[in-house]
Amino acid sequence: MFDDGRRGEDVRGSHDDADVIVVGAGPAGSTAAHYCAAAGLSVLLLEKSAFPRDKICGDGLTPRAVAELVRMGVPTRAEDGWIRNEGLRVVASGRSWELAWPDLASYPSYGMARARHSFDRTLAEHAQRTGAKLLERTAVTGPVLDERTGRVVGVTARPVDDKGRRAGDDVSYRAPVVIAADGVSSRFALALGLAKREDRPMGVAVRTYFKTPRATPRYMDAWMESHLELWDGTPRESNLLPGYGWIFALGDGTANVGLGSVNSTPARQSAANVDYKDLFATWMRNAPPEWEFSEENQLGPVRGAALPMGFNRTPLYTRGVLLVGDSGGMVSPFNGEGIAYAMQAARTAADVVAQSRARATDGGRERALQTYPRVMHRELGGYYTLGRYFVRLIEHPEIMRICTRYGLPRPVVMRFVLKLLSDCYEPRGGDWVDRVIAGLTRVVPSS
């Protein structure tokens, strides 16, 4: 319980190192740090690696993610390494369709691409310029708990070298609020007993990079290409897998090439027992020669990562800790997109934290913090629920086959699919497709 009678202008304790500690400097953490600092809070941003560092990702940014960059004030000029794309090129059943991003009031009509090793560094540097203090090679090892209330009042951490090995003594940092943005494994959340939910979809993705010579059609491709048919090496008609492959040109003479698959529960994913790196190799062996995705042009190994989906770790707030991004399982079940939702959640979390610090009592601050999960479920819960239904359908190969063969060639279906799968629709107003999607997200359960 909190003492509602304790009041005062300065709500930060005399022994605190910051108003808020952010664990992890990926897109979620750096975005949260930026907004907290912009609100006038002192922010400590802790990152276990040193920039630049690599992350497993498709490197594609939907218009929804671009809108978040615009809100933050991040420059996205071509001369800084950003490449714009016009929409999705969908490949299925031996055909392809180019679907331009919709022209909406809520989002720009273009997406972007940027390799994560430079994207994450750009966001972290932006947070620093706003006022956040970044400590790299600082591995957070657990929470600091108040002995009386059990509330989190800081973190324990240790300095590490470039291989993640201990490089100094453990240290504690204190703050009245902690934002956990430490990724899919989220050791910080696990230390608080917050395990992954077994009733949420789980995806997996593998990717690598290829050089794209100027003479190839992949060099400056203006479309994010998605291949909706994946198979496990048997004839295509016999075992179509739920998931898709992608090819995203990065505008620097390279392309991010990968594939992802999804199952309705972690148990079904384990039962599928798919060797995704082998599946990727099969896809590449069958790729057209003009792509030039050869061993000679491959840059680095094929690497994989889990994709936690649909709020697969809850509660999103507990005892002074807010979960954002992959730590809260905020990847879309529709398309494996996580960056846009991580940044949206970070923006929301930062606003909630700022509002809480403006309250005059412990009780008032706690009530403000408790609004975070309610806001996130209201904004994304219905959409994620639709995504869970979608995953259950495409787990059946025959349904996936019918959808790709008979549904995609229809312009109305294509238009609906683009907006639904990319989450680029007007939440209020818009055309009839927008209204249908928005209506569906409101009538289904949000948690």
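Helix α9, which spans residues 371-394, contains tyrosine 389. In this predicted model, tyrosine 389 has a relative accessible area of 35% and is therefore classed as partly exposed, since that class lies between the limits of 20% for buried and 50% for exposed residues.

Apart from neighbours within four places in sequence, tyrosine 389 is in contact with Val444 and Pro445. Tyrosine 389 and cysteine 424 are 35 residues apart along the chain, and their C-alpha atoms are separated by 19 Å.

## Confidence in the model

The average pLDDT of the protein is 88, and 92% of the residues score at least 70. Over residues 1-10, however, the pLDDT is below 50.

## The nonpolar cores

In soluble globular proteins, nonpolar side chains tend to be buried together. The largest nonpolar core of this model has 82 residues. Within that core, Ile21, Leu61, Ile179, Leu322 and Tyr372 touch the most other members. Helix α7, covering residues 339-357, gives the most to this core, contributing twelve residues. There is also a second, separate core of 19 residues, which includes Trp97, Trp101, Val331 and Met414.

When residues up to four places away in sequence are not counted, isoleucine 179 touches Val20, Ile21, Val22, Val23, Ala32, Cys36, Leu322, Val324, Ala349 and Val353. Two of the residues named above for touching the most other core members, Ile21 and Leu322, are among these contacts.

## Glutamine 344 in helix α7

Helix α7 also holds glutamine 344. Glutamine 344 is buried because its relative accessible area is 6%, and the limit for a buried residue is under 20%. Leaving aside neighbours within four places in sequence, glutamine 344 is in contact with Arg64, Glu68, Glu379 and Leu380.

## A nonpolar patch on the surface

Some nonpolar residues are found on the surface instead: Val412, Trp432, Val436, Leu440 and Val443 form a nonpolar patch there. Together, these residues have about 440 Å² of accessible area. Helix α12, made up of residues 432-443, supplies the largest share of the patch, namely four residues.

Valine 436 is one of the patch residues and lies in helix α12. Its relative accessibility is 33%, so valine 436 counts as partly exposed.

Definitions and conventions
Residues are numbered from 1 along each chain as its sequence is written. This is a predicted model: local features need pLDDT of at least 70, side-chain atom pairs count only at pLDDT 80 or more; totals for chains, interfaces and linings use all residues. Side-chain values use heavy atoms; hydrogens and water are left out. Patches are made of residues with over 30% relative accessible area and no salt bridge: like charges are joined within 9 Å, nonpolar side chains (Val, Leu, Ile, Met, Phe, Trp, Tyr) within 5 Å. Accessible areas come from the Shrake-Rupley method with a 1.4 Å probe; for residues, only the protein chains shown count as cover. A salt bridge is a side-chain nitrogen of Lys or Arg within 4 Å of a carboxyl oxygen of Asp or Glu. Helices (H or I, at least four residues) and strands (E, at least two) are DSSP runs, numbered from the N terminus. Buried means under 20% relative accessible area, exposed over 50%, partly exposed in between (1.4 Å probe, protein chains only). Contact means heavy atoms within 4.5 Å. A nonpolar core is a set of buried Ala, Val, Leu, Ile, Met, Phe, Trp, Tyr and Cys residues joined through side-chain atoms within 4.5 Å. pLDDT is the predictor's confidence in each residue, from 0 to 100.
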